[in-house]
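User: I have a new model open and want a quick tour. Can you walk me through it?

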Amino acid sequence: MSKILVTGSTGDVGTRLVRELVSRGQAVRAFTRSPGPYQFDSKVEIAIGDYADKESLRKALDGVSAMYLLSTGPDMESNEANAIDAAKTAGLGLIVKHSVIGAPYKATDFPRWHRASEERIEAAGIPYVFLRLAAFDSNAFGWAGTIKSHDTVYGALAETALPVLDSEDIAAVAAVVLTTAGLAGKAYDLTGPEALTTQQQVDILGSVLGRPLKYVNVPDEAARESMLGMGMAPRYVDAMIGLIQTLRSFGRIEPTTDVKTILGREARTFRQWAEANAAAFR
């Protein structure tokens, strides 16, 4: 059986993807700096390594037929470049790239970083599928502290409506494209089923929790200071603020049907996500 390498394997999407692939009987190798507290299924092979350690990438790709490429943070572009170069040397049969909606337009740092990786994959001649993702439902976990303390959510997107996407759907789509022949060369824009403002998301979450919640829009500088206070790297914070400003200028991102195209069902709603994760806010 062919083996699939999952990078970012202990994160929000990666853990779900590993679990989904194992449930399908697929051989999986999880690439991680350290498993930490996360416990992989006993069937999963663990490859300890780092994007900056090219030898660890070479070893992780040995005997692998496909890779899910997922990196985050301000070093994403250089990290993914190392992984792509190692994949080319290894003669990898497929890269499924975890990307972002709007990557081809390079409007802000995040899409520019992702598109740079996409272009490197194209130039390397490695068969690929690009999954270009909308904002995640799970970003709402960042509201848990202020919801618990005073039933309030703070944000900077104003009235911008985004088709937020469930990480379970990302993992399910990724598992399909990693294990289905004939999809190489395609790019999919993955979204949730409806565009929601932050206020609408907060209202839905409040309905699920059974108590009213308040949304307070904050200036960009306040958002910047909050992110820096959480320990985010300044370059990453600048990229976040640039993304927020660009999304506000668009006002609304319409949903697509690409999740349904791949899975044969509708994408999960934000309400479904909220119901499944309500305990985190109580």
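Predicted model: local features only at pLDDT ≥ 70, side-chain atom pairs only at ≥ 80, totals over all residues.

User: Start with the inside. How many residues does the largest nonpolar core have?

Analyst: The largest nonpolar core has 36 residues. Leu17, Tyr68, Leu131 and Val177 have the most contacts inside it.

User: And where does the largest share of this core come from?

Analyst: From α6, which gives 8 residues.

User: What else is there besides that core?

Analyst: There is a second, separate core of 30 residues. Ala144, Leu213, Ala223 and Ala274 are included in it.

User: Back to Tyr68. What is it in contact with, leaving aside neighbours within four places in sequence?

Analyst: Leaving those aside, Tyr68 is in contact with Leu5, Val6, Thr7, Val13, Leu17, Val96, His98, Leu131, Ile170, Ala174 and Leu178.

User: Val6 is on that list. Where is Val6 found?

Analyst: In strand β1, residues 3–6.

User: Is Val6 buried or exposed?

Analyst: Val6 counts as buried, because its relative accessibility is 0%.

User: Now a charged one. Where does Asp169 sit?

Analyst: Asp169 is in helix α6, residues 167–179. Asp169 is buried, because its relative accessible area is 0% and the cut-off for buried is under 20%.

User: What does the side chain of Asp169 reach?

Analyst: The backbone nitrogen of Arg268, at 2.7 Å. Setting aside neighbours within four places in sequence, Asp169 is in contact with Val259, Leu263, Arg265, Ala267 and Arg268.

User: Switch to helix packing. At what angle do α2 and α3 pack?

Analyst: Helix α2 (residues 54–61) and helix α3 (residues 76–90) pack at about 45 degrees. Their axes are 9 Å apart. That angle makes α2 oblique to α3. The crossing of α2 past α3 is right-handed.

User: Which residues meet there?

Analyst: On the α2 side, Lys54, Leu57 and Leu61. In α3 they meet Asn82, Ala83, Ala86, Ala87 and Ala90.

User: What about α4 and α9? How do their axes cross?

Analyst: Helix α4 (residues 109–124) and helix α9 (residues 234–250) cross at roughly 110 degrees. Their axes come within 8 Å. The two helices are therefore roughly perpendicular to each other.

User: Who makes the contact?

Analyst: Asp109, Phe110 and Trp113 come from α4. Arg235, Tyr236, Ala239, Met240 and Leu243 come from α9.

User: Last topic, backbone angles. What is phi for Lys106?

Analyst: Positive, about 55 degrees, although Lys106 is not a glycine. Lys106 lies in the loop between β5 (94–100) and α4. Lys106 counts as partly exposed, because its relative accessibility is 35%.

User: And Ala158, what is its phi?

Analyst: Phi of Ala158 is near 55 degrees, a positive value in a residue other than glycine. Ala158 lies in the loop between β7 (152–155) and β8 (161–162). At 25% relative accessibility, Ala158 counts as partly exposed.

User: Great, that covers my list.

Terms used
Residues numbered from 1 in each chain as written. Heavy atoms only, no water. Helix = DSSP H or I, 4+ residues; strand = E, 2+ residues; numbered from the N terminus. Buried < 20%, exposed > 50% of the residue type's maximum accessible area, 1.4 Å probe, protein only. Polar contact = N/O pair within 3.5 Å; in protein donor to acceptor, adjacent residues only side chain to side chain. Contact = heavy atoms within 4.5 Å. Core = buried A, V, L, I, M, F, W, Y, C linked by side-chain atoms within 4.5 Å. Axes fitted to C-alpha atoms, helices over the stretch in contact; angles between N-to-C directions. Parallel < 35°, antiparallel > 145°, perpendicular 65-115°, else oblique. Left-handed = near helix turned anticlockwise from the far one by under 90°.
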